[in-house]
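Please look over the sequence and the structure before reading on.

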Amino acid sequence: MNEPTPKSNPSVRVAKPHDSARRHVSGEARYGDDIPEPRGILHVYARPAERAHARVTKMNLDAVRSAPNVAAVMSAADLDQTTNDIGPVFPGDKVFADKQVMFHGQALFAVAADSIENARRAAMRADIGYEDLPAILTIEEALEHNAKVAPTRHSPRGDSGAASPVAADNIEGARSAAMRADIGYEDLPAIFNVDALEDSAVVVPSKRWQRGDSAAAIAASPHRLSGRTKMGGQEHFYLEGQVAMAIPQEDGDMLVHSSTQHPSEVQHLVAKVLGVPDHAVTVENRRMGGAFGGKETQGAQFAVIAALLARQTGRAVKFRPDRDDDMIMTGKRHPFLIDYDVGFDDTGRISGIEVMQAVDCGYSPDLSHSIADRGMYHADNAYFLENVTITSHRCRTNKVSNTAFRGFGGPQGMVGMEHVIEEIARHLGRDPLEIRKRNLYGVTERNVTPYGMTVEDNVLHDLLPELEASSDYARRREAIRAWNADSPWLKKGMALTPVKFGISFTAKHLNQAGALVLVYQDGSVQLNHGGTEMGQGLHTKVAQVVAEVFGIDLDRVRITATNTGKVPNTSATAASAGSDLNGAAAYNAANKILDRLLPLIRDHFDVASQDKIEFRDNAVFAGERRLAGFAEVVKLAYMNRIQLSAAGFYATPKLEVNADGTGRPFYYFAYGAACTEVLIDTLTGEYRMTRVDILHDVGRSLNPAIDMGQIEGGFIQGAGWLTTEELCWDDAGRIQTHAPSTYKIPVCSDVPEQFNVKIYERGENIEQAVYRSKAVGEPPLMLSLSVLHAIKDALAAVNGYRYAAPLHAPATPEAVLLAIEAMRAPAPQPRQRRVAEEAE
């Protein structure tokens with residue numbers, strides 16, 4: 001991508017309102033459930049399983065089918081092994097439970113009726129029997145039983161490899177015809193027992209990266225600590241729930257309105273289960289009311305079921321689960337269990353470390369292997385680890401299949417690293433910030449990650465001191481220590497933590513995007529691209545790029561709904577790469593049109609060189625000479641039969657990932673830091689944030705207003721994950737936190753009174769991302785690590801800062817109170833065993 005230069009009156013690098021802001025606050029924005037319903041539409045209810053792990057011994061649906069106003073009923077019996085599987089990467093994610101239930105709440109069958117009430121009422125008439133099987137409900141149990149997510153192979157189109165059936169008048173004729181086939185084979189390793197799974201190529205195995213000699217480095221270190229930390233999952237709690245509406249079209253085609261981050265994947269999976277080519281399915285999405293990763297793969301099941309029932313009935317079908325069912329049926333952020341063994345010197349610099357990450361994937365693969373990889377990629381956070389071993393186990397449990405969530409495994413890996421830093425600091429009696437700075441990546445040395453990528457754009461050595469000064473960290477820290485000494489029941493704590501987050505999909509082929517730009521005779525522009533809008537402002541940013549190229553006002557660019565019939569084969573809007581990819585594709589498309597206009601302008605207006613021509617202020621100039629308005633030039637081009645539409649494309653350069661995941665998986669890194677102060681009540685465990693200071697790197701921001709909203713929102717969402725958002729299951733595997741009455745996301749009163757957020761002004765992407773901007777969707781979430789460690793700092797004051805608080809995430813008030821009780825007990829002995837090695 002050529003280096004673009006902003007105009008004198010730019011559309012980029014300036015604050016612009018979100019394109020739907022007015023409609024958001026007025027209630028006029030149309031979401032999936034607001035689309036006018038066709039006459040005779042049917043509504044779907046999916047009956048959830050009532051066991052965590054069981055064989056389905058009986059499922060009689062006769063009473064369901066005969067219920068009033070029921071139009072259709074569908075279960076796994078109506079599908080085959082291939083069409084009942086909608087795994088996005090590996091097979092294993094089922095449309096309906098097939099003979100065996102794998103988690104409590106798994107869909108057994110779906111009912112389409114004239115209303116959701118009638119569909120639900122009919123579904124409850126089913127006669128279902130179960131034979132209970134042992135259920136694995138925790139990571140610890142999964143490690144004990146060596147339960148790993150183990151996908152089997154299929155082709156990209158879902159071909160199971162089953163033999164094609166032969167039909168004839170009698171079995172002898174069918175057998176005789178079948179035996180005439182000319183078939184060739186290539187032998188593959190066969191698996192005949194469960195014990196062979198771990199070493200088979202069919203299983204995605206545990207993964208390990210190693211650099212240097214971590215065991216020797218740890219053994220030779222003056223200090224050594226080992227331990228364990230855990231973090232729970234997180235419900236996406238998007239304001240707009242899952243919803244899909246399928247409308248049959250002529251010739252067997254299907255139109256699907258889906259609240260999805262990945263329209264092309266929904267298109268592909270709907271086509272697969274319907275047994276039609278992709279071109280027969282069109283998926284459209286104008287906006288979502290939040291997603292956060294929860295609509296990257298999870299929306300497919302609702303769209304597929306709606307489409308199957310629409311084809312069966314010939315009528316439009318809508319599937320919109322209520323909030324409880326949505327939370328029961330859809331995946332969460334992955335819980336992690338992390339063991340570590342670390343050696344370090346007297347200054348706190350890490351000489352060797354071994355980390356074991358065990359990931360709760362749920363019952364099926366979904367995206368868990370990529371998420372677990374991302375956890376490994378960010379096990380270092382911002383710190384150079386010279387001798388390091390990172391091991392990752394992808395554990396299977398009988399819970400809903402966990403899925404993408406803002407950060408995609410990266411936050412969990414970083415929580416583990418920051419826990420280690422905290423432990424080292426308390427062991428040495430030093431300020432944790434001192435240990436953090438001691439271990440930071442260097443600029444020209446100590447700058448290679450555990451996976452072999454050189455960090456070339458590190459700004460933390462400049463950014464961190466700037467925040468340290470602007471937050472008045474040193475003075476406040478001393479004041480807090482003095483305050484705590486005189487306060488027996490209330491304790492204050494403060495922490496300043498850095499963030500380094502890699503930007504790109506770690507699957508190289510996903511780093512591509514397309515866009516379609518149409519210029520009309522009146523000079524107005526229509527824009528379509530493969531990204532989806534979920535409130536993050538992507539459409540606005542991409543429109544700004546197009547307006548900047550053409551030198552026109554932003555309101556001259558009309559954004560249209562994401563549609564697989566306009567831009568094909570798109571990647572999910574995820575990995576914080578939406579603006580990088582789609583903005584660059586739109587830039588490419590707009591410049592194609594510009595390149596067609598330049599020779600016409602040069603010749604028609606007698607301009608000496610095309611290099612003198614400039615598009616700005618809704619007009620075309622040659623130096624200071626105004627040649628014509630933009631609309632006039634467009635009309636001129638039309639009269640001269642010059643094409644005024646273009647499809648743009650972009651593929652991220654420089655990415656090279658080896659088979660084991662090492663190499664250069666990221667185009668660049670985004671950086672930031674946050675300083676948080678908290679106040680806790682040691683009698684109740686309750687706490688609140690009193691002040692937060694954030695400095696975050698977004699490169700040269702495309703839109704500072706939108707980026708500021710992403711920084712603030714990401715921080716608060718991350719704080720929720722690490723503090724109040726606790727997911728609970730009972731012993732039978734039933735999720736107990738499936739509504740806002742029991743699951744607590746942050747609210748307005750949780751925002752600190754002093755919330756000082758600033759964009760790093762010297763930021764500039766060293767790579768040629770669009771207008772030198774940087775991604776901003778996911779990285780700010782990890783700024784919330786400062787909240788967890790501020791709470792730990794306050795807890796350390798309970799025993800005079802003698803040792804680190806035994807606190808895991810989420811740090812609910814109950815967990816904090818238990819940690820306070822533990823802090824008042826005698827100091828625990830450091831664990832010296834090789835935890836990461838023993839976990840094998």
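## Contacts along the chain

In this predicted model, residues 24 or more positions apart account for 80% of the protein chain's contacts with a separation of 6 or more. The protein chain holds 21 helices and 29 strands.

## Overall size and surface

The protein chain has a radius of gyration of 28 Å, close to the 28 Å that the globule rule gives for 840 residues, so the chain is as compact as a globular protein of that length. Its C-alpha trace spans about 80 × 80 × 55 Å along the principal axes.

Of the 840 residues in the protein chain, 59% are buried. The chain exposes about 33,300 Å², and carbon and sulfur atoms supply 50% of this area.

## A sheet of four strands

An open sheet is formed by 4 strands in the order E16-E27-E28-E29, with mixed pairing. Strand E16 (490-503) and strand E29 (754-759) are the edge strands, each pairing on one side only. On average, neighbouring strands of this sheet are turned by 15 degrees against each other, direction ignored.

Strand E27 (residues 668-681) pairs with strand E28 (residues 687-696) in the antiparallel sense over 9 bridges. Valine 678 has methionine 689 in E28 as its bridge partner.

## Helices on the sheet

Helix H13 (residues 460-470) packs on the sheet and touches E16, E27, E28 and E29. The direction of H13 makes about 25 degrees with that of E27.

Helix H19 (residues 785-796) also packs on the sheet, where it touches E16, E27 and E28. The direction of H19 makes about 150 degrees with that of E16.

Conventions:
Residues numbered from 1 in each chain as written. Predicted model: local features only at pLDDT ≥ 70, side-chain atom pairs only at ≥ 80, totals over all residues. Heavy atoms only, no water. Pairing = 2+ DSSP bridges. Helix = DSSP H or I, 4+ residues; strand = E, 2+ residues; numbered from the N terminus. Axes fitted to C-alpha atoms, helices over the stretch in contact; angles between N-to-C directions. Contact = heavy atoms within 4.5 Å. Rg over C-alpha atoms; globule rule 2.2 N^0.38 Å. Buried < 20%, exposed > 50% of the residue type's maximum accessible area, 1.4 Å probe, protein only. Areas by Shrake-Rupley, 256 points an atom, 1.4 Å probe, with all protein chains shown as cover.
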